[in-house]
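Here are my notes on this model, as numbered points. Please read them with the structure open.

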Amino acid sequence: MNPSTVEHISECFIKPKHLVEEAKKPYYLAPWDLAMLSVQYIQKGLLFAKPPQKENQQGFKIMDFLENLKQSLSLTLVHFYPLAGRLATSKSENPPSYVVFVDCNDSPGARFTYATVDLTTSDVLSPTYVPLVVQSFFDHDRALNHDGHTRSLLTVQVTELIDGIFIGCSINHSIVDGSSYWHFFNMWSEIFQGKGDDFSISRPPVLSRWFPDGHGPVLSLPFTHHDQFLSRFEAPVLKERMFHFSSESIARLKAKANAEFSTDKISSFQSLSALVWRCITRIRNLPHDQVTCCRLAINNRSRLSPPLSPDYFGNSIQALKAGVSTAGELLEQNLGWAAWQLHQSVVSHGDENAREFLDSWLKSRFIYQIGKLFDPNSVMMGSSPRFNKYGNEFGLGKALALRSGYSHKFSGKASAYPGHEGGGSIDLEICLSPDEMTAIESDKEFMEVVSPSPC
């Protein structure tokens, strides 16, 4: 299939319905936020089927739908007002200071675009590999978070297909992590369904940024110009495929991992991550003594003491190097051994570990470089099947599928989503080089656990 061209029809900017008093002040970023300035935007979206045409009734009207989305977004931004701002930098030479913050006043708002494409939902979902055209369902292609000085911190792109609607959100990763991203999405859906100007939300975000004791809210970076810490990342040629794991398949995998290590403490996700780590390492044919690791995106909210609210709005994540081994040892041992390495790292990561990272950052303030953060011999497990992704409805019923954009993709990156049917099922979005993808599709240990897709 030749990818059809996405045609952009219109765009506008959406401001909060009304501006709260706090939005008139600079919104300062915490260490976990600032470290993300050279990373790309989060790009996730949901594909919906258009409502069926009913006899003697008015059908789905895209312009009415777009207007409802805009109105509900304006109301949602009252609660999540930093997303309507822009990044700003304040500099001085004496004393030297370089401070990046969010300016919620001098901004046109969040960007809202409407586009069309001559494709069906089946054209998106039926191919074995995710079509490249899906990347065009998102704004901010290849943008870095620092680009939020001149670009919107949030863009909603609504792409109309022949028989479907794709709602894609691109949000600046210096403002949100995955938890906050889906928190915003969930509350927007809630407000859309509420249809009221004074509609309250069930989970108001905690907007006050958290800083280690004795630091903040103003944190200066050790730079004089952004060229000193920005680097553009261009992904290599990749194949991207959605692998489905039913709840029954996940339960068997978890039972196997626990039995092999004579324990009952290994979780479903640790078992699945260990499987991905082992199988990708095997198909890469790494030297026996080559060091490989499995990184997990870990949420620090509940791990701090005292804990942060689960509704804390911002970044509170680390890429935990959960498992480290030589390729030889990883493949000589069984699944349970690999899963136990991940389990131990996860359960031992607490307040002390999180604060050690922050102390280190405050002493030497660095910016992540995505091209250097992950090596070609390792794997990275991102996102989470625990996020409420399929609970987002915009008068179109439950989404058919979830897809992502260009951002944060490299060989060995896997993103975990809840399976469409729920019940503990998981979809893994895996990116590999073409040769590696062909190899893992022939890997017996991996493919024995993969389930037929229900869609």
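1. Strands β10 (residues 291-299) and β12 (residues 379-383) run parallel and are joined by three bridges. Cys-294 has Val-379 of β12 as its bridge partner. Keep in mind that this is a predicted model.

2. These two strands belong to an open sheet of six, ordered β9-β15-β14-β12-β10-β11. The pairing is mixed. β9 and β11 (317-326) are the edges; each has a single partner strand, so one side of each has no neighbour in the sheet. On average, neighbouring strands are turned by 20° against each other, with direction ignored.

3. How many of its residues are buried? Six of the seven are, so β9 is largely enclosed by the rest of the structure. Its link to β15 consists of seven bridges, and the two strands run antiparallel. His-244 is paired with Asp-427 of β15.

4. Helix α6 lies across β9, β10, β11, β12, β14 (413-418) and β15. Relative to β10, α6 runs at about 150°.

5. Helix α5 (residues 247-260) has 14 residues. From first C-alpha to last, α5 reaches 20 Å, close to the 20 Å expected at 1.5 Å a residue. Its buried residues are Ser-249, Ile-250, Leu-253, Ala-257 and Asn-258. They sit on the same side of α5, because they cover an arc of only 165° around the axis. Arg-252 and Ala-259, on the other side, are exposed.

6. What do the buried residues of α5 pack against? The partners are β9 (239-245), α6 (268-283), α8 (335-348) and β15 (426-432). Just after α5, Ser-262 takes a positive phi of about 55°.

7. Helix α9 (residues 351-363) can be checked in a similar way. Its 13 residues should span 18 Å at 1.5 Å a residue, and the end C-alpha atoms are 18 Å apart, which agrees. Ala-354, Phe-357, Leu-358, Trp-361 and Leu-362 are buried in α9. These buried residues fall within an arc of 135° seen down the axis, so they line one face of the helix. Glu-352 and Lys-363 are exposed on the other side of α9. The cover over the buried residues of α9 includes α1 (31-34) and β11.

8. The spacing along such a face has a simple basis. An α-helix has 3.6 residues a turn, so residues three or four places apart point the same way.

9. Now the nonpolar cores. The largest has 96 residues. Phe-65, Leu-83, Leu-154, Ile-167 and Trp-188 have the most contacts inside it. Helix α4 (residues 178-194) gives the most to this core, with eight residues. A second, separate core has 40 residues, among them Ile-250, Ile-283, Ala-339 and Leu-432. Ile-250 is also one of the buried residues of α5.

10. Which residues does Leu-83 touch, leaving out those up to four places away in sequence? They are Leu-77, Ala-110, Leu-153, Leu-154, Ile-171, Ile-175, Val-176, Phe-184 and Phe-313. Leu-154 is itself among the residues with the most contacts in the largest core.

11. Strand β6 (residues 110-116) is mostly covered, with seven of its seven residues buried. Ala-110, Phe-112, Tyr-114 and Thr-116 point one way. Arg-111, Thr-113 and Ala-115 point the other way. Both sets are buried, Arg-111 included.

12. β6 has partners in β1 and β7. Seven bridges join β6 to β1 (residues 7-14), and these strands run antiparallel. Six bridges join β6 to β7 (residues 154-160), and here the strands run parallel.

13. An open sheet of three strands has the order β2-β5-β4, with antiparallel pairing. Its edge strands, β2 (27-28) and β4 (86-93), each pair on one side only. Two bridges join β2 to β5 (residues 96-103). Tyr-28 stands opposite Phe-101 in β5.

Terms used:
Residues are numbered from 1 along each chain as its sequence is written. This is a predicted model: local features need pLDDT of at least 70, side-chain atom pairs count only at pLDDT 80 or more; totals for chains, interfaces and linings use all residues. Side-chain values use heavy atoms; hydrogens and water are left out. Helices (H or I, at least four residues) and strands (E, at least two) are DSSP runs, numbered from the N terminus. The expected span of a helix is 1.5 Å times one less than its number of residues. Buried means under 20% relative accessible area, exposed over 50%, partly exposed in between (1.4 Å probe, protein chains only). The arc is that of the directions from the helix axis to the C-beta atoms. Contact means heavy atoms within 4.5 Å. Two strands pair if DSSP finds at least two bridges between them. Axes are lines fitted to C-alpha atoms, for helices over the stretch in contact, and angles run from 0 to 180 degrees between N-to-C directions. A nonpolar core is a set of buried Ala, Val, Leu, Ile, Met, Phe, Trp, Tyr and Cys residues joined through side-chain atoms within 4.5 Å.
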